[in-house]
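Hello,

Here is the structure I said I would pass on. My notes follow below it.

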Amino acid sequence: MKNTLNEFIYNNLDEMFISGGTSTKEIEISEETLNVKLENEYKSYLMRYGMIMGFGVEILGFGKNGKSPMVEQTLRFRKMGLENCYIVINNLDEWIDCLNVNTGAVSSWDAIDKNHIIVSDSFYEYVIKELVEAKEDW
């Protein structure tokens, strides 16, 4: 799946923003802050891309300034009831897309009803699906 994402980015460079990979040290600090062990697929994403934006989709991670919107959004939504095994990877306002660090599955979480709906079995599968659908709607 990572190769498919690389291909998508390469073929759509004019519409994509990649903040650039982050360090293992920054990832360890985010794991400490959130008290989780991040899933390997997501760590790979953070080290390679940092954060991706394109076609109106923003997959959270680390910005160029070293700050992590993923950490900030996860802490924010934990105060609203998001369970500790989830990290926020995309804030869609009404729904929050979250990665389960234990299973690797991605779900949409409703902050009002506190319900999760599984949308993908893996992180990279989710990212590709979101970007392809967004490009089609662009």
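**Helix on sheet, and one serine**

Helix α4 (residues 69-78) lies across β4, β5 (95-100) and β6, and runs at about 110° to β4. Axes are lines fitted to C-alpha atoms, for helices over the stretch in contact, with angles from 0 to 180 degrees between N-to-C directions; contact means heavy atoms within 4.5 Å. Helices (H or I, at least four residues) and strands (E, at least two) are DSSP runs, numbered from the N terminus.

This is a predicted model, in which local features need pLDDT of at least 70 and side-chain atom pairs count only at pLDDT 80 or more, while totals for chains, interfaces and linings use all residues. Residues are numbered from 1 along each chain as its sequence is written, and side-chain values use heavy atoms, leaving out hydrogens and water.

The open sheet has 4 strands in the order β4-β5-β6-β7, with antiparallel pairing (two strands pair if DSSP finds at least two bridges between them). β4 (86-91) and β7 (115-120) are at the edges with a single partner strand each, so one side of each has no neighbour in the sheet. From one strand to the next, the twist averages 35°. Strand β6 (residues 106-110) is joined to β7 by 5 bridges; S108 has I117 in β7 as its bridge partner.

S30 sits in helix α2 (residues 24-34). S30 is buried, at 3% relative accessible area (buried is under 20%, exposed over 50%, partly exposed in between; 1.4 Å probe, protein chains only). S30 touches L38, F62, M70 and V71, leaving aside residues up to four places away in sequence. The S30 side chain also reaches the backbone oxygen of I27 at 2.7 Å.

Regards

Key
Polar contact = N/O pair within 3.5 Å; in protein donor to acceptor, adjacent residues only side chain to side chain.
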